[in-house]
Amino acid sequence: MDYKQELITTIHDFGCDLGYIEDRLIHLSQQSSTAVLIPALYDELERPALAQIREHLRHCEFVDTVVICLYADTPEQYARAVQFFDPLPQQTLIIWENGPRVTQVLQHLRDRGLDLTRFRGKGRAVWLGLGVASLQAEAIALHDADITTYDRTYPLKLLYPLLEKEFGIAFNKAFYARLGSYPRGLHGRVSRLFVTPLLTAMTEVFGYRDYLRYLSAYRYPLSGEFALTRNLALNTRVPANWGLEVGLLAEVYRNVARKQISQVDLGVFDHKHQGLGNSPDDGLQKMCRDIMCSILRTLTEMEQVVISIDHIHTLRVKFRRRAQDFTRQYFVDARFNNIAYNRHQEEETIERFEKVIERAGEQYFHDPSGAQIPDWTRALSVMPDLREQLRDAAEHDATESGAIAQTLGLSIPQLSVNPAPLF
């Protein structure tokens, strides 16, 4: 293994002693508090993945706080969510991100000159959750609510490098193998069929650029699982579009020295799958568009790259060729590992992703600045007690939900999963 080629620290799993790491992390968490943040839609509560996540979190003694940033349409849905997470032994905050109390707090912030009410989606949920979690936690792990392969090694591996002070890590990102079980197949189409060949094509078009090399150093740049320190959480501008993961990597690139960045192997990973969409404004195609706009924006901002329409046309040609080259590699890997692989379908996906490049270029020329939520440092300069107000809103919402739950006859959910010892 050639460690000299690593631009950021890659934490390899050589069959590590997870029992030792868990004991060590429990000890470290008594000195530096930890939190897990999960942005979620109410619909996720009705799927099995989130119930499994909840049951594994129950056994994470090294997690002090769990913050759920929930989008719910009604008070009844919010009440059901509070009941759903009631079995967790950790201090648990359910932020009703679109509820009247949180909305009122954000309106007060708008009245003071900083309008965040116009932002929607996962970006706002992440921003709200990071702020509230940072009130107590020195290290915050974030992951999605739809992970079907989840176990407690995920937060363990994400948080441990940050709390082991001798490592000097401020940001730790997950990588993994995206393999489906039923049927067994390769997933992660946006990463495999868009981002990887796009970065290769961009290097050929724009030359050797540190930012492109930095992105290529991540083994799975689109993973939604990462951990960061409180200081970084408060000084990060969260993207407000579907390019969230790459946009966050751009913020880390701006704010963190390379030696303070790591990535860790979570093994085999799977979650709910998005559709390709029927146009560049829908589904995974929209995600690809926002990702490319984010990369173009950062190249201009940090690398002084002047981008023209000719660059976009050239990128489109080179992307298609590089993506087609990668399909041969995927085909060999799939056949060698007895994994189903539809090469024709992969090529069709590439053709649709190729068309996104032109649309992304048009969007970038129209709006090169993009949409980012201001960092928490700026928000706190406008309203110093903003985090406390949001925490109090969540606590009041949870208290009121008790009466709603009683009216609806809701009971504490039965624990449907009993995780076997992992180590």
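User: By class, which residues does the lining of the second largest cavity have?

Analyst: Residues are sorted into nonpolar (Ala, Val, Leu, Ile, Met, Phe, Trp, Tyr, Cys and Pro), charged (Asp, Glu, Lys and Arg) and polar (the others, Gly among them). In this predicted model, the lining of the second largest cavity has five nonpolar, two polar and one charged residues. A cavity is a set of points, on a 1 Å grid over the protein atoms alone, where a 1.4 Å probe fits but cannot get out; a pocket is an open set with protein on both sides within 12 Å along at least five of seven lines, and lining residues have an atom within 4 Å of a point. The lining here is made by Thr 65, Val 67, Leu 93, Val 132, Ala 133, Gln 136, Ala 137 and Arg 391. Two or more of these residues come from each of β3 (65-71) and α5 (122-133); such elements are DSSP runs numbered from the N terminus, helices (H or I) having at least four residues and strands (E) at least two.

The model is predicted, so to speak of its limits: local features need pLDDT of at least 70, side-chain atom pairs count only at pLDDT 80 or more, and totals for chains, interfaces and linings use all residues. Residues are numbered from 1 along each chain as its sequence is written, and side-chain values use heavy atoms, with hydrogens and water left out.

User: At what angle do α10 and α11 pack?

Analyst: Two packed helices are described by the angle between their axes and the distance between the axes. Axes are lines fitted to C-alpha atoms, for helices over the stretch in contact, and angles run from 0 to 180 degrees between N-to-C directions. For α10 and α11 the angle is about 15°, with the axes 9 Å apart. The two helices are therefore roughly parallel (under 35 degrees; over 145 is roughly antiparallel, 65 to 115 roughly perpendicular and the rest oblique). The contact (heavy atoms within 4.5 Å) involves residues including Gly 247, Ala 250 and Arg 254 of α10 and Ser 294 and Thr 298 of α11. Its residues divide into six nonpolar, three polar and three charged.

User: How are α7 and α8 oriented to each other?

Analyst: The axes of α7 (189-206) and α8 (residues 210-217) come within 10 Å and cross at roughly 160°. The pair is therefore roughly antiparallel. Leu 199, Met 202 and Thr 203 of α7 meet Leu 212, Leu 215 and Ser 216 of α8. Four of these contact residues are nonpolar, two polar and none charged.

User: How much space lies in the second largest pocket?

Analyst: The second largest pocket holds about 540 Å³. Of its 22 lining residues, Tyr 176, Ala 177, Arg 178, Arg 192 and Tyr 330 are the closest to the centre. The lining divides into ten nonpolar, six polar and six charged residues.

Technical notes. Points joined across faces, edges and corners; volume = space filled by probe spheres on them.
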